[in-house]
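Please look through the sequence and the structure before reading on.

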Amino acid sequence: MNIIVPIKQVPDLVEELEIDSSGKDLDREWLKYKVNEFDDHALEEALLLKEAHGGAVIAIALDGDDIDKALYAAAAKGADRVVKVTGNYAGISNRAAAKVLAGVIGGMNPGLVLTGVQSVEDRDGQIAVLLAHYLGLPHVSVVTGVEVSGGNVTVHKEYGGGMVAEFEASMPVVLGVQAARETPRYVPVARVRQAMKSTELEEIAGGDPGVSSGSSISRMFKPETGGGAEMISGSAADVAAKLAEIIKSKM
Amino acid sequence: MANNIFVIAEHLKGKVDDVTYEMLGKAKELAAGGQVVAVLLGSGAKGLAADFAADKVLYVDSPELAEYNPEAYGKTIASLVSAHAPKAVLVAYTSQGVDIAAGICVDCDMPLVAYATGISGNHVTSQLYGGKMNVESAVDGDRFVAAVIPGSFPAAAGKGGGAAVEDAPAPDLSGLKVKFKKLIEPAGGDVDITQSPILVSVGRGIQSEDNLPVVQALADKLGGALSSSRPIVDAKWLPKTRQVGKSGLKVKPKLYIAVGISGAPEHIEGMKDAECIIAINTDPKAPIFSYAHYGVTEDLFDVVPALVDKL
Ligand SMILES: Cc1cc2nc3c(=O)[nH]c(=O)nc-3n(C[C@H](O)[C@H](O)[C@H](O)COP(=O)(O)OP(=O)(O)OC[C@H]3O[C@@H](n4cnc5c(N)ncnc54)[C@H](O)[C@@H]3O)c2cc1C
């Protein structure tokens with residue numbers, strides 16, 4: 001069974017986000033990127049499934065900044081193959097990215113396609129669902145647990161309030177993963193470096209998406225932070241004293 | 001049909017989700033001469049439309065639609081959207097809606113704008129980057145699908161009832177590849193954070209499980225309960241019953257102290273109606289400060305123990 005895991009890089013929100021001079025995009029010059037955290041969960045779930053049932057985990061990503069490193073990291077964690085889809089995909093919409101990915105993944109004989117349920121940049125929709133529709137495969141999103149038996153998977157999909165729905169789906173199927181059953185494994189940088197030497201990063205030329213998001217950004221702006229909040233500053237002791245007063249007044 | 005606005009109703013266990021009313025209210029504003037059409041799927045669920053403020057309800061009844069199923073619901077909704085060609089379709093950005101919205105986009109070739117918190121004409125505002133940026137999109141034509149974040153619009157405007165309910169046919173739903181098995185209720189037996197008037201809520205800023213006593217001490221001192229953001233639960237440091245937010249519980253305590261929580265939209269959804277919100281976060285740009293009444297940008301490991309001392 002091939003378990004395909006599309007991953008992507010997104011801006012690290014720990015960094016300060018600034019708007020560029022066009023007023024329509026982030027200033028990306030100094031932006032730090034990291035793998036979408038939900039893609040990390042998808043990869044973890046894929047590795048857990050492989051460990052339990054065998055099969056091959058194939059991490060795949062569209063060409064872009066720092067993507068080689070992300071793919072090597074996936075290899076270091078245990079992905080059997082890492083594939084970069086080459087082409088000029090800078091700034092590509094999710095819909096177009098899904099179409100390009102579908103073109104490549106469709107030829108990989110997928111059993112399961114696991115990817116993050118969402119990312120912080122999904123302006124035009126979530127990759128998992130878009131991808132499923134371009135592949136013509138069934139899908140379930142917001143998945144927190146996957147069990148494979150025979151040609152079927154049993155998945156848990158989370159609703160609000162801690163409620164979970166259980167579905168059974170026949171493979172191949174695309175799953176938007178919210179959380180793996182285990183905390184995504186960590187690999188030290190040394191192991192990633194090792195993977196860079198020992199792993200072949202496959203390159204497959206991607207096609208022309210032929211679709212776009214169908215919309216364009218007219219404006220980017222920061223929400224008012226602290227709009228309503230009264231900010232309390234001073235030494236820890238001062239702040240604590242003021243907070244204590246506020247809290248007592250509310251109780 | 002040119003100006004009609006479709007609203008995809010959402011329900012679970014015989015109860016309509018408030019976001020449906022929120023979207024109906026917004027749709028009325030957007031319809032400009034067209035009709036607000038609520039789309040309701042289910043089995044023997046027609047009665048759920050009783051309170052919909054819509055011009056019309058399209059109701060599809062099928063045993064395959066008795067419980068939400070991404071495949072059956074996706075197919076049915078795409079067939080209705082194709083047949084009726086509404087100008088816009090509003091879908092909730094919820095666990096169900098996330099499956100549906102992108103499906104309409106591809107199957108009916110309509111632009112999708114996700115994480116929507118504002119819609120005006122063919123401009124849709126989205127909350128991106130964990131709530132750190134707002135992005136306004138202009139849709140190329142005037143048809144679009146918007147995935148709407150719950151809590152973005154008032155629900156009252158979408159309530160009223162009196163809509164004509166029209167039965168619509170289900171498409172062929174035989175041979176579904178996804179089957180609904182069962183609903184699993186959340187485990188009980190833990191403190192019920194929805195009942196606690198005081199919540200100290202901890203996020204990833206706490207760094208490790210070993211540091212939890214720092215915030216537990218504050219909860220204990222205040223006689224409140226300890227709740228958390230999702231990553232703390234995913235890491236299994238606290239049980240699922242403590243999670244506040246979209247996929248956790250909605251809470252409305254008198255006092256909510258968010259410690260080391262950034263304020264991602266999925267978290268905000270669960271706590272923004274708290275009477276008093278205090279946020280402690282070292283990042284002055286953290287979105288939580290847009291919702292807090294009082295904010296502190298000091299290190300939690302300094303402030304929280306000091307606060308315990310002062311109480
Ligand atoms: C479908 C779906 C449903 C979801 N449902 C939920 C949900 O129900 N509830 C939920 O919470 N999330 C939910 N999420 C996850 C959500 O998107 C965020 O990932 C999550 O809320 C982030 O949690 P956090 O604020 O604890 O972590 P982070 O975003 O990592 O924030 C940590 C914060 O701690 C601050 N910090 C760090 N060190 C310190 C220090 N020493 N002192 C003070 N502050 C410090 C940082 O500045 C940062 O702002 C959901 C996601 C999806 C995709």
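## Terms and source

Ala, Val, Leu, Ile, Met, Phe, Trp, Tyr, Cys and Pro count as nonpolar, Asp, Glu, Lys and Arg as charged, and the others, Gly among them, as polar. The model is predicted: local features need pLDDT of at least 70, side-chain atom pairs count only at pLDDT 80 or more, and totals for chains, interfaces and linings use all residues. Residues are numbered from 1 along each chain as its sequence is written, chains are lettered from A, and side-chain values use heavy atoms, without hydrogens and water.

## The second largest pocket

By class, 18 nonpolar, 14 polar and 11 charged residues line the second largest pocket. A pocket is an open set of points on a 1 Å grid over the protein atoms alone, where a 1.4 Å probe fits, with protein on both sides within 12 Å along at least five of seven lines; lining residues have an atom within 4 Å of a point.

Of the 43 lining residues, Arg28(A), Tyr89(A), Gly91(A), Ile92(A) and Glu121(A) lie nearest the centre of this pocket. α3(A) gives the most to the lining, with 3 residues. Helices are DSSP runs of H or I with at least four residues.

## Helices α3(A) and α4(A)

The axes of α3(A) and α4(A), residues 127-135, come within 8 Å and cross at roughly 50°. Axes are lines fitted to C-alpha atoms over the stretch in contact, and angles run from 0 to 180 degrees between N-to-C directions.

Terms used. Helix = DSSP H or I, 4+ residues; strand = E, 2+ residues; numbered from the N terminus.
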